[in-house]
Amino acid sequence: MSKIWVRASALAGDIKILSTEAADAHFRYSRQVTPRYRYLETLTIAFVIVLLVSNLIGPKICQFGPFTVPGAQLLFPVTYVCGDVFTEVYGYAASRRAIWLGFFGMALLAAMGQIAVALPPAPGWPNQQAFAIVFGLVPRFGIASLVAYWAGEFTNSYTLAKLKLLTRGRFLWTRTIGSTITGQFVDTVLLVVIAFWGVRTGPQMLVMIGSSYLFKVVYETLATPLTYVVVRRLKRAEGADAFDRGTNFSPFAS
């Protein structure tokens, strides 16, 4: 006996019997937005929070021996680890959703920061300059950050999804490191070129790209064992192991 769906309209007082196919079509939207997994929403929120915090701590310049790096580089690579987990466990669509949420969060933070800095400070409030340093974003750097993040994250997720099909789900390390190599390259090059073109010389930009890129790749390579643990536990807990066969990889797909 084929399964049927019953839809009751309390206002009209009528009852309509829908076939399985009709019910699938009718409820398609609600099924897509209803969470299927226990931890996906929590992980997505954590991803966005890490992304926003990394932007707030970016102005701090840290010294490690002979190396100077922005504070954001200590936290921002974590978003790429999260992107690997989303794509590996839940699939490219889940990663795409998280990337867009992060993008709009970053854009909102940048816009509201500019507005807050521009508002006149109260008389006697001594922290306007410090507030402007943290929240005041030069438009060119804001655009560079958004473009680099968007392109780098999608490159990272696309590479991992394709490598998973190529390796048939084996050798996770090839996917996490391979996606980092491509995603961080796109991210780093776009960020430096857009932010510093015409401000720094070509050789200076190459040094900036090389040192920043090397730091990020080494960082995420060292995080591979942790990624293994998180992925293994999530797959077991969620009963999920996505393979993106037939997936529409357009960043703008619904």
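This report walks through the nonpolar core, the aromatic pairs and a nonpolar surface patch of a predicted model.

## The main core

Let's start inside. The largest nonpolar core has 28 residues. Leu40, Phe47, Phe86, Val89, Tyr90 and Tyr149 are the ones with the most contacts inside this core. Five helices each supply at least two of its residues: H3, H5 (77-90), H6 (92-118), H8 (139-167) and H11 (224-238). H6 gives the most, with 7 residues.

Phe47 is a handy place to look around. Leaving out residues up to four places away in sequence, Phe47 touches Thr79, Cys82, Phe86, Ala98, Ile99, Tyr149 and Glu153. There's also a second, separate core, made up of 6 residues, among them Ala144, Val192, Ala195 and Phe196.

## Aromatic pairs

The model has 19 aromatic pairs. Take Tyr158 and Phe249: their ring centres are 5.1 Å apart and their planes sit at 85 degrees, so this pair is edge-to-face, the cut-off being over 60 degrees. The pair links distant parts of the chain, with Tyr158 in helix H8 and Phe249 in the segment after H11, 91 residues apart. Tyr158 is partly exposed at 38% relative accessibility, whereas Phe249 is buried at 15%.

Phe215 and Tyr219 make another pair, with ring centres 6.0 Å apart; the planes are at 45 degrees, so this one counts as tilted. Both residues lie in helix H10 (residues 202-222), and because they are 4 residues apart there, about one helical turn separates them. Phe215 is partly exposed, with a relative accessibility of 25%, and Tyr219 is partly exposed too, at 26%.

## The aromatic cluster

## A nonpolar patch outside

Now for the surface. Ile45, Ile49, Val53, Leu56, Ile57, Ile133 and Val134 form a nonpolar patch there, and together they have about 540 Å² of accessible area. Two elements give two or more residues to the patch, helix H3 (40-56) and helix H7 (128-135). H3 gives the most, with 4 residues, while Ile133 is a residue of helix H7.

Note on methods
Residues numbered from 1 in each chain as written. Predicted model: local features only at pLDDT ≥ 70, side-chain atom pairs only at ≥ 80, totals over all residues. Heavy atoms only, no water. Patch = residues over 30% accessible without salt bridge, like charges linked within 9 Å, V, L, I, M, F, W, Y side chains within 5 Å. Areas by Shrake-Rupley, 256 points an atom, 1.4 Å probe, with all protein chains shown as cover. Salt bridge = Lys/Arg side-chain N within 4 Å of Asp/Glu carboxyl O. Core = buried A, V, L, I, M, F, W, Y, C linked by side-chain atoms within 4.5 Å. Buried < 20%, exposed > 50% of the residue type's maximum accessible area, 1.4 Å probe, protein only. Contact = heavy atoms within 4.5 Å. Phe/Tyr/Trp six-rings, centres within 6.5 Å; stacked < 30°, edge-to-face > 60°.
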